[in-house]
Amino acid sequence: MSLSCYVHIPYCIQKCLYCDFTTFTRDKLPPSETYINWVKKEIENRHQGIKDRNLRSIYFGGGTPSLIPAKEITLIIECLKKHFVFHPNIEISIEINPGTLTEKSLQTYQSAGINRFSVGVQTFRDDLLKLFNREHSAQHTRTTLELLVKNKAVFSADLLFALNHQSRKDLKKDLELLLLYTPHHISTYYLTLPAHHLLQKNRAPESVQLQMFQDIEHRLRKEGFDHYEISNFSQKGFHSRHNLTYWSDRNYWGLGLSAHSFLKFNNQRVRFWNPKNLKAYSEQVKQKTTEPFPFSILPKEQNETLDLHEALTDFCHTALRTRWGIQQIKLKTTFGNKGLESALKKLNNLKQKNLIKKQDKRWVLPFSSWLISNSIFREMTFLKEDL
Ligand SMILES: C[S@@+](CC[C@H](N)C(=O)[O-])C[C@H]1O[C@@H](n2cnc3c(N)ncnc32)[C@H](O)[C@@H]1O
Ligand code: SF4
């Protein structure tokens with residue numbers, strides 16, 4: 001069975017106003033060397049039950065993984081290599097903040113097998129970068145992208161849209177500036193904020209935000225990108241193998257502070273997660289598991305075994321995020337006749353409203369439904385009594 005690993009690196013230069021991830025500025029964290037040692041402990045103490053799994057991807061996310069010494073990232077790769085078989089085409093990605101990559105660190109990453117770089121571009125507008133408390137300028141972004149292009153690295157770029165004071169024209173300009181660097185992959189995220197957040201002011205009305213999403217789709221398709229997931233676009237052959245893990249009911253092990261995991265075994269699906277608190281995390285990773293699975297030593301409130309209706313809900317929600325949708329046969333093989341029946345009832349309802357289509361024995365959301373995906377997901381949520 002295959003496995004993917006996510007490694008959380010919580011270090012940031014400063015905190016962006018819109019960010020809700022578990023990240024801290026360096027003064028609030030121990031030296032990165034100490035943190036890396038905790039992650040290594042976590043691998044060494046908990047890998048026993050899954051060591052026979054084939055590692056198909058590793059993803060260093062954050063935070064700002066490119067902020068800590070590149071050598072420390074390679075120590076994690078070496079540690080994983082000691083305990084797992086790497087798939088011959090393993091994808092190893094790292095998130096890079098503009099201005100934090102150097103020729104030397106890039107070389108260190110590439111020598112260690114990192115073969116995909118994800119750059120947090122967000123926008124090329126300096127006034128917005130400043131407003132969001134980003135630590136870099138658009139010039140830093142250009143220099144980082146140029147470095148990746150010069151070294152023939154495979155890279156993806158994250159862009160945010162529906163930003164404060166952002167018009168459709170502004171967004172189109174961001175897209176054009178990014179396309180100059182011919183990225184292999186682009187993720188475009190709608191800026192998501194809590195209801196009364198300071199940055200909710202001066203944003204385009206919802207109708208314009210929807211047009212922005214359409215503008216992105218239109219422009220990137222024209223450039224040859226495959227719109228394969230709500231927020232993700234890829235040139236041929238450059239889909240994110242790691243992120244596909246999350247949308248295709250596959251196993252992933254999250255390492256580091258606050259990281260989440262999902263494992264299937266003995267016909268069960270288990271989610272488990274690490275604490276957000278540094279002290280609790282550092283204490284927990286010291287305990288060596290005696291049971292066969294990495295979650296077995298975690299307290300009750302840090303793991304859950306999914307009931308069938310919860311697993312079916314997750315399965316449908318994640319699959320519908322991609323252009324491959326739900327494979328009908330998989331509903332039957334994974335959730336039995338009862339699961340299939342229950343899902344078909346909901347899928348046929350959506351079909352009658354033209355919100356979903358059936359093609360080649362798959363149920364797929366058309367682009368217009370991706371625009372309102374949250375309401376579709378609500379309809380595709382199963383209760384205990386549905387099964
Ligand atoms: C975990 S962040 C880390 C990336 C990197 N530290 C950076 O900021 O460039 C990954 C991506 O999530 C997206 N993101 C962060 N906060 C967001 C928000 N509130 N709404 C939508 N996307 C967000 C950004 O595009 C970011 O590049
Ligand atoms: S740099 Fe990235 S991870 Fe860090 S605070 Fe900003 S958005 Fe969050």
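**Close-up views of a predicted model**

**View 1. A138 and its contacts.** Leaving aside neighbours within four places in sequence, A138 is in contact with F124, D126 and L129. Two residues are in contact when their C-beta atoms, placed from the backbone, lie within 7 Å. The model is predicted: local features need pLDDT of at least 70, side-chain atom pairs count only at pLDDT 80 or more, and totals for chains, interfaces and linings use all residues. Residues are numbered from 1 along each chain as its sequence is written, while chains are lettered from A and ligands numbered from 1 in the order in which they are written. A138 lies in helix α5. Helices (H or I, at least four residues) and strands (E, at least two) are DSSP runs, numbered from the N terminus. A138 is partly exposed, because 19 other C-beta atoms lie within 10 Å. The cut-offs are 20 or more such atoms for buried, 12 or fewer for exposed, and partly exposed in between, with C-beta atoms placed from the backbone. From A138 to D386, 248 residues along the chain, the C-alpha separation is 51 Å.

**View 2. The shell around ligand 1.** The shell around ligand 1 holds 17 residues, of which Y18, G120, D158, Y189 and T192 come nearest. Strands β4 (54-62), β6 (116-122) and β7 (155-161) each give two or more residues to this shell. A residue is near a molecule if its C-beta atom, placed from the backbone, lies within 6 Å of it. By class, the shell has seven nonpolar, seven polar and three charged residues. Nonpolar covers Ala, Val, Leu, Ile, Met, Phe, Trp, Tyr, Cys and Pro; charged covers Asp, Glu, Lys and Arg; the others, Gly among them, are polar.

**View 3. The shell around ligand 2.** Ligand 2 is surrounded by C12, K15, C16, C19, F21, T23, G62, G63, T64, N97 and G120. Its shell has four nonpolar, six polar and one charged residues. G120 is also among the residues nearest to ligand 1.

**View 4. A cis peptide bond at G62 and G63.** G62 and G63 are joined by a cis peptide bond, with omega about 10 degrees. G63 sits in the loop between β4 and α2. Both glycines belong to the residues around ligand 2.

**View 5. Helix α1 against helix α2.** The two helices, α1 (residues 32-46) and α2 (residues 70-83), pack at about 10 degrees with axes 10 Å apart. Axes are lines fitted to C-alpha atoms, for helices over the stretch in contact, and angles run from 0 to 180 degrees between N-to-C directions. So α1 is roughly parallel to α2, a term for angles under 35 degrees. On the α1 side, S32, E33, I36, V39, K40 and I43 take part; they meet E72, L75, I76, C79, L80 and H83 of α2. The contact has seven nonpolar, two polar and three charged residues.

**View 6. L191 in the loop between β8 and α7.** The loop that holds L191 runs between β8 (185-190) and α7. L191 is partly exposed, because 19 other C-beta atoms lie within 10 Å. Apart from neighbours within four places in sequence, L191 is in contact with Y18, L160, F161, A162 and L163. L160 is 31 residues away in sequence, yet its C-alpha is 6.0 Å from that of L191.

**View 7. Two lysines with positive phi.** Most residues other than glycine have a negative phi. K152 has a positive phi of about 55 degrees. The loop between α5 (138-150) and β7 holds K152. K152 counts as exposed because it has 7 C-beta neighbours inside 10 Å. K361 has a positive phi of about 60 degrees. K361 lies in the loop between β16 (357-359) and β17 (362-364). It is exposed, with 10 other C-beta atoms within 10 Å.

View 8. An automatic or database assignment gives the domain bounds: domain 1 spans 2-244 and domain 2 spans 308-386. Their centres, taken over C-alpha atoms, are separated by 29 Å. Seven residues of domain 1 are in contact with seven residues of domain 2. On the domain 1 side, α7 (206-222) and β9 (226-229) are the elements that give two or more residues. That side has four nonpolar, one polar and two charged residues.

**View 9. F377 in helix α13.** Helix α13 (residues 373-379) contains F377. F377 is partly exposed, with 16 other C-beta atoms within 10 Å. R134 is 243 residues away along the chain, and the C-alpha atoms of F377 and R134 are separated by 33 Å.

Conventions: Angles under 35 degrees count as roughly parallel, over 145 as roughly antiparallel, 65 to 115 as roughly perpendicular and the rest as oblique.
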